[in-house]
Amino acid sequence: MSNFYDEGKKIKGQWEYLDTSFIKPTENCDMCDNETDLGPYTCSICLIDTLSGIPNVKYTDECEWIIKRGKKRQFNKTYK
Ligand SMILES: [Zn+2]
């Protein structure tokens, strides 16, 4: 199991990666891009805007989104 860090501190508990690819690029954002070779790209600022404040979701020091283990279904139901 991997360890995740938030501002240098190890995040306690069990977490897993959160797939953020469902979040759509922001239309009038200069850094988002709807048509890259790899598909739509949503910039990290827009991701933070969309996802911060959502319970059981964190942004790690490694710039990855994680969710508390066991909360994925509830998240998908509410936000997807
Ligand atoms: Zn953006």
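**Confidence.** Over the protein chain the mean is 94, and 99% of the residues reach 70 or more.

**Ground rules.** This is a predicted model, so I note that local features need pLDDT of at least 70, side-chain atom pairs count only at pLDDT 80 or more, and totals for chains, interfaces and linings use all residues. Residues are numbered from 1 along each chain as its sequence is written.

**Overall layout.** I listed the elements next. The protein chain has two helices and seven strands. These are DSSP runs numbered from the N terminus: helices are H or I with at least four residues, strands are E with at least two. Read from the N terminus, the order is β-β-β-β-β-α-β-β-α. Along the principal axes, the C-alpha atoms fill a box of roughly 35 × 30 × 25 Å.

How many of the 80 residues count as buried? The figure is 8%. Buried takes 20 or more other C-beta atoms within 10 Å of the residue's own, exposed 12 or fewer, and partly exposed lies in between, with C-beta atoms placed from the backbone. For contacts I use C-beta atoms, placed from the backbone, within 7 Å. Of contacts between residues at least 6 apart in sequence, 44% join residues at least 24 apart.

**The sheet.** I traced an open sheet of three strands, S3-S7-S6, with antiparallel pairing. Two strands pair if DSSP finds at least two bridges between them. S3 (15–17) and S6 (57–59) are at the edges with a single partner strand each, so one side of each has no neighbour in the sheet. Neighbouring strands are turned by 35° against each other on average, direction ignored; the axes are lines fitted to C-alpha atoms. I then checked S3 against S7 (residues 65–68): three bridges join them, antiparallel. Tyr17 stands opposite Ile66 in S7.

**Cys43.** Where does Cys43 sit? I found Cys43 in the loop between S5 (39–41) and H1 (44–51). Cys43 is partly exposed, with 15 other C-beta atoms within 10 Å. Beyond its neighbours within four places in sequence, Cys43 is in contact with Cys29, Met31 and Cys32. I also took the C-alpha separation of Cys43 and Lys24, which is 9.8 Å for residues 19 apart along the chain.

Technical notes:
Contact = placed C-beta atoms within 7 Å. Axes fitted to C-alpha atoms, helices over the stretch in contact; angles between N-to-C directions. pLDDT = per-residue confidence, 0-100.
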